[in-house]
Amino acid sequence: MPVETYDDIRAAVAKLCSDYPGEYWRLLDREMAYPTEFVDALTKAGWLAALVPEEYGGAGLPLSAGAAVLEEIHKAGGNAGACHAQMYTMGTLLRHGSEDQKRQYLPSIANGSLRLQAFGVTEPTSGTDTGALMTTAKLDGDAYVVNGQKIWTSRAEHSDLMILLARTTPLSGSMKKTDGLSVLLVDMRDAKGNGLTIRPIRTMMNHATTEVFFDNLRVPATNLIGEEGKGFRYILSGMNAERILIAAECVGDAKWFIEKAVAYASDRKVFGRAIGQNQGVQFPIAKAYANMRAAELMVREALRIYEAGKNPGAEANMAKLLAAEASNEAANAAVQTHGGFGFAEEFDVERKFRETRLYQVAPISTNLILSYLSEHVLGLPRSY
């Protein structure tokens, strides 16, 4: 069964994005500021609650609808990185939280009075080796006492809740590294200044990322999501959705770059003719288009398998790999087509170039995707 294209949703999101043109994003980028007005508008329109079930106040739409929303934001020249985490972090709570937890938090997340945007997994010493993380959560009476550090925890300054992965059982020789990890839902409103410290990290793009420090932070034991010690598989179950949604954003970026490059190549005249007449200009754009379409089809295939209730591990990873590479290629083609103007702030190309480059590295490196495919699809020996 083909994946729905959601033309009505795309049109509505594009109309909303038209109120936030390039100059809006350029000013934010210059000041490294959070797009509060844009996120509030998305929330008010209900798009950030698209995947929350209707019984908890959301729209109850499938993942493909969320992918359409995020793709359209990027195709319009915006950046959904300020809020996309709500779509995939919320899934951990929805799939593995208790009914009491879901009823306590999901309606407020759906109506926007609570933001679930922070995802505390990566640490400075472990990187993507999640089993080696060192943040601990020790049960003390009716609370877990959390100590440690997370890094690249984006949107921590703009979130009310955090999904936190911490070690609740010390590693022993007989354990798998990924055992003994648990997921806690941290209320950051209470935690700030009471054991939680947030430090912003300035990066080459405006991504509101931070490092987070835990110093004897007490988290109520009732905030444990699912069973203690099984947190790694809970986080893992959401990674396919995360990769598919990020891939959709990259497809949106690629479409934006291609559209900008085509328009400029058609209008710009040198030596009395449009530069788009030259095959040296045409071919990189055409190749970027072909690769964007291939990535788009892989995203659709991953969504089809995901929504059929099957495991799209390979397809989700390939969608992320191909889409990140396609957006990067389209970004290079757009810069090259624009020449010097590709580096000028007012054309937005350089901003989007910096933003889409991130997805070669995060939320998972393209090299780790290749390692996954080598081992789990091709049957080659494990490389790490």
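I count a contact where heavy atoms lie within 4.5 Å. With that rule I looked up Gln86, which touches Leu48, Ile109, Leu114, Arg115, Leu116 and Gln117, leaving aside residues up to four places away in sequence.

**Ground rules.** I am working on a predicted model, where local features need pLDDT of at least 70, side-chain atom pairs count only at pLDDT 80 or more, and totals for chains, interfaces and linings use all residues. Residues are numbered from 1 along each chain as its sequence is written, and side-chain values use heavy atoms, with hydrogens and water left out.

**Gln86.** I take helices (H or I, at least four residues) and strands (E, at least two) as DSSP runs, numbered from the N terminus. Gln86 sits in helix 5 (residues 85-96). For burial I use relative accessible area: buried is under 20%, exposed is over 50%, and partly exposed is in between (1.4 Å probe, protein chains only). Gln86 has 4%, so I list Gln86 as buried.

**Helices 4 and 9.** How do helix 4 and helix 9 pack? I find an angle of about 150° between helix 4 (residues 63-75) and helix 9 (residues 279-307), with the axes 9 Å apart. The axes are lines fitted to C-alpha atoms, for helices over the stretch in contact, and angles run from 0 to 180 degrees between N-to-C directions. Helix 4 is therefore roughly antiparallel to helix 9. The cut-offs are under 35 degrees for roughly parallel, over 145 for roughly antiparallel, 65 to 115 for roughly perpendicular, and oblique for the rest. Helix 4 brings Leu63, Ser64, Ala67 and Glu71 to the contact, and helix 9 brings Glu296, Leu303, Tyr306 and Glu307. I sort these residues into four nonpolar, one polar and three charged. Here Ala, Val, Leu, Ile, Met, Phe, Trp, Tyr, Cys and Pro are nonpolar, Asp, Glu, Lys and Arg are charged, and the others, Gly among them, are polar.

**Glu307.** I checked this helix 9 residue separately. Glu307 is partly exposed, with a relative accessible area of 35%. Glu307 touches Pro62, Leu63 and Ser64, not counting residues up to four places away in sequence. From Glu307 to Arg293, 14 residues apart along the chain, the C-alpha separation is 21 Å.

**Cysteines.** How many disulfides are there? I count zero, taking a disulfide as two cysteine sulfur atoms within 2.5 Å. Cys17 is buried at 5% relative accessible area. Cys83 is buried too, at 0%.

**Aromatic pairs.** I count nine. Rings of Phe, Tyr and Trp (its six-membered ring) pair if their centres lie within 6.5 Å; planes under 30 degrees apart are stacked, over 60 edge-to-face, and the rest tilted. Trp256 and Phe257 have ring centres 5.3 Å apart and planes at 80°, so I call this pair edge-to-face. Both Trp256 and Phe257 are buried. Tyr264 and Phe347 also pair edge-to-face, at 6.3 Å centre to centre and 80° between the planes. This pair links distant parts of the chain, 83 residues apart: Tyr264 is in helix 8 (residues 231-267), and Phe347 is in the loop between helix 10 (313-338) and helix 11 (349-357). Tyr264 is buried at 13%, while Phe347 is partly exposed at 21%. Ring pairs also join Tyr20, Tyr24, Trp25 and Phe38 into a cluster.

**Helix 2.** Which residues of helix 2 (residues 22-31) are buried? I list Gly22, Tyr24, Trp25, Arg26, Leu28 and Asp29. Their cover includes helix 3 (36-44) and helix 11.

**Ala326.** I place this residue in helix 10. Ala326 is buried, at 3% relative accessible area. Its contacts beyond four places in sequence are Ala254, Asn291, Met292 and Ala295.

Most residues other than glycine have a negative phi, and most peptide bonds are trans. I noted these exceptions.

- Asn216, in strand 7 (residues 210-220), has a positive phi of about 55° and is partly exposed at 47%.
- Phe271 has a positive phi of about 55°, lies in the loop between strand 9 (269-270) and strand 10 (273-274), and is exposed at 82%.
- The peptide bond from Ala362 to Pro363 is cis, with omega near 0°; Pro363 lies in the loop between helix 11 and helix 12 (366-377).
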